[in-house]
Amino acid sequence: MKKQLRIHNDLDELNKVAEFVETIGDELNLSLSLVMNINLALEEAVVNVISYAYPNQDGKSNIDLYAEFCDSTLVFTLTDKGLAFDPTTAPTADVTLSIEDRPVGGLGIFLIRQIMDEVSYKRIKEENQLSLKKKIIN
Amino acid sequence: MGTTVNAQDSVIRVIVSGRLDTNTVKEFEAALQPLLVKDKADIVLDCADMTYISSSGLRLFIVLLKAVKANKGTLTIENMQSDVRSIFDMTGFSSLFTIL
């Protein structure tokens, strides 16, 4: 299975990402829990790009999402031409802190790492490529 | 996504429904604003119909809990769906919040 989705760097496009994941979930007969988790990881990754990759831009840029299922592994690749940002090097959130010491944000990348089995990043020809892999166990 | 706030007796009941994602979080944030400054409020978040939460929604749960603690109130979460609960477990929220 191979699928592709192109969206603009606009938060209103998030619904398309959710529909994309749901379609893949239906095709691969994934559980609703897994579909929700994958949807969450992709939302966090896409929101990061939309929020931070294009700080000075007026027009719309594209974000491409590729999905491939092969050897029991679902691989999503997210590409954009925004500012270079490697989420794999972001500090890990400490989820053991008390409410007093907890920062209010910073959980997006943590959730991606928790949900996915492998997260890798490449910067190739002015393009960010984030790869998210999830082993599918039937 | 929908948020309804009902104040009955001394308890403020907030009913959260649908998807709490980066797009819908603004409505939830607006509904919570008056609660962030209430003194000694007893707040219940009824999450029976909340089907999804992303980090932007989780952020507001933390903001609300910090405010409630500072204002010497209480915050209880009720009827959370198991998939959403698993996100609370994953992020350590289950040990921060009172979840019934």
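Let's start with the largest pocket, which holds about 530 Å³ of space. A word on terms. On a 1 Å grid over the protein atoms alone, a pocket is an open set of points where a 1.4 Å probe fits, with protein on both sides within 12 Å along at least five of seven lines. The volume is the space filled by probe spheres set on the points, with points joined across faces, edges and corners.

This is a predicted model: local features need pLDDT of at least 70, side-chain atom pairs count only at pLDDT 80 or more, and totals for chains, interfaces and linings use all residues. Residues are numbered from 1 along each chain as written, chains are lettered from A in the order written, and side-chain values use heavy atoms, without hydrogens and water.

Back to the pocket. What lines it? The lining has 24 residues, meaning residues with an atom within 4 Å of a point. Nearest the centre are A:Asn48, A:Tyr52, A:Gly106, A:Gly108 and B:Ser55. By class, 12 are nonpolar, nine polar and three charged; Gly counts as polar, Tyr as nonpolar.

Three helices each give at least two lining residues: α2 (32–52) and α3 (108–115) of chain A, and α2 (55–70) of chain B. The largest share, five residues, is from α2(A). Helices here are DSSP runs of H or I, at least four residues; strands are runs of E, at least two.

Now the contact between the chains. Chain A puts in 27 residues and chain B 24, with contact meaning heavy atoms within 4.5 Å. About 2100 Å² is buried between chain A and chain B, 60% of it on carbon and sulfur atoms. That is accessible area (1.4 Å probe) lost on being put together, summed over both parts. On the chain A side, A:Met36, A:Ile99 and A:Val104 supply 31% of the area buried against chain B, more than any other three residues.

Last, the chain B sheet. Five strands, order β1-β2-β3-β4-β5, open, mixed pairing. Strands pair when DSSP finds at least two bridges between them. Which strands sit at the edges? They are β1 (2–8) and β5 (98–99); each has a single partner strand, so one side of each lacks a neighbour in the sheet.

Further in, β2 (11–20) and β3 (42–53) of chain B run parallel, joined by nine bridges. β3(B) also pairs with β4 (74–78), again parallel, over five bridges. Look at B:Asp46: B:Ile15 stands opposite it, and B:Glu78 is its bridge partner in β4(B).

Note on methods. Buried area = accessible area lost by both parts, 1.4 Å probe.
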